[in-house]
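Colleague: Before we discuss how the two copies sit together, could you put the model on the screen and take me through it step by step?

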Number of protein chains: 2
Amino acid sequence: MSQAILDKVTFNSRGLVAAIAQQHDTKDVLMMAWMSREAIEETLATGRVTYYSRSRRKLWRKGESSGQVQNLVDMRLDCDGDTLLLLVDQTGVACHTGRCTCFYRAQRKGFLAEVVPQTVDPNKLYGDKDD
Amino acid sequence: MSQAILDKVTFNSRGLVAAIAQQHDTKDVLMMAWMSREAIEETLATGRVTYYSRSRRKLWRKGESSGQVQNLVDMRLDCDGDTLLLLVDQTGVACHTGRCTCFYRAQRKGFLAEVVPQTVDPNKLYGDKDD
């Protein structure tokens, strides 16, 4: 499979590129994570979004533990090649806190408000595993 | 002005946090850039989005040269505190190439396609300056 996008990606000093996941139909921004060359290759080959976990230092197949997978709809690259925009179809919730998006806190006068409700109990997402 | 969000932001080793700009009404993802503590403070104080330019190593008041400013509508923070989502009202085009979004290239079979048209001549945006 040809992966022309890889020739134009500018990886950082750790070999990673930022990747924003956006739900393709509602256009909600779900999360931001990082991808390695291998993660991009696997994502394009399988149609399932795979990131690179900086904390665990290995490929992170989104939803492998929780079932909350992301199917790739389109992969976009920005003008300077250092950020990807992934249009995805998210199964369930994107955030490990049980919310549809990771961006659930907002600046308000004097405090940080939670503006997106929890729709799933995170304990039910993971049991004794994490994602 | 209280800036509660600053207490919860996890800055990286360079003192920066990733910031995604999304047009608040169309929900188009416009660009990704970086913010310092000072950039966040200035953005919240003025309502105009200010980033930190890693290449120029200074505050980057978006649109200062081009007029293509971003007015802040809301500032969101993700679950682990290392990415901001800026809901903005973009004047003109977000991308220095003259396109509404920086994410104008897409992976297609065998090639990288340009899927977002240029709507402004970039020479007319900047004259002899850059942004």
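Modeller: Two residues are taken to be in contact if their C-beta atoms, placed from the backbone, lie within 7 Å. Please keep in mind that this is a predicted model.

Colleague: With that cut-off, how many residues does the contact take from chain A and from chain B?

Modeller: The copies meet through the same surface, because 100% of the interface residues of chain A are also interface residues in chain B. The count for each chain in the contact is accordingly given side by side: 32 residues from chain A and 32 residues from chain B.

Colleague: Which strand supplies the largest share of the side of chain A that touches chain B?

Modeller: Several strands of chain A each supply at least two residues of that side, among them β1 (17–23), β2 (29–35) and β6 (83–90). By class, the side of chain A that touches chain B has 18 nonpolar, seven polar and seven charged residues. The largest share, four residues, comes from β5(A).

Colleague: Where strands pair between the chains, which residue is the bridge partner of Arg105(A) in β5(B)?

Modeller: β7(A) and β5(B), residues 70–77, pair in the antiparallel sense over two bridges. In one of these bridges Ala106(A) has Arg76(B) as its partner, and in β5(B) the partner of Arg105(A) is Leu77(B).

Colleague: Within chain A, which residue of β8(A) is the bridge partner of Ala106(A)?

Modeller: β7(A) also runs antiparallel to β8(A), joined to it by four bridges, and the two form a hairpin with two residues between them, where Gly110(A) in the turn has a positive phi of about 85 degrees. The partner of Ala106(A) in β8(A) is Ala113(A).

Colleague: In the hairpin of β3(A) and β4(A), which residue in the turn has a positive phi?

Modeller: β3 (residues 50–53) and β4 (residues 58–61) of chain A pair in the antiparallel sense over four bridges, and Tyr51(A) stands opposite Trp60(A) in β4(A). Four residues lie between the strands of this hairpin, and the one in the turn with a positive phi, about 55 degrees, is Arg57(A).

Colleague: Within what arc do the buried residues of α1(A) fall, seen down its axis?

Modeller: In helix α1(A), residues 37–46, the buried residues are Ala39(A), Ile40(A) and Thr43(A). They line one face of the helix, because they fall within an arc of 100 degrees.

Colleague: Against which strands of chain A do those buried residues pack?

Modeller: The face of α1(A) turned away from the buried side carries the exposed residues Ala45(A) and Thr46(A). The buried residues of α1(A), for their part, pack against β2, β3, β4 and β5 of chain A.

Definitions and conventions: Residues are numbered from 1 along each chain as its sequence is written. Chains are lettered from A and ligands numbered from 1 in the order in which they are written. This is a predicted model: local features need pLDDT of at least 70, side-chain atom pairs count only at pLDDT 80 or more; totals for chains, interfaces and linings use all residues. Ala, Val, Leu, Ile, Met, Phe, Trp, Tyr, Cys and Pro count as nonpolar, Asp, Glu, Lys and Arg as charged, and the others, Gly among them, as polar. Two strands pair if DSSP finds at least two bridges between them. A residue is buried if 20 or more other C-beta atoms lie within 10 Å of its own, exposed if 12 or fewer, and partly exposed in between; C-beta atoms are placed from the backbone. The arc is that of the directions from the helix axis to the C-beta atoms.
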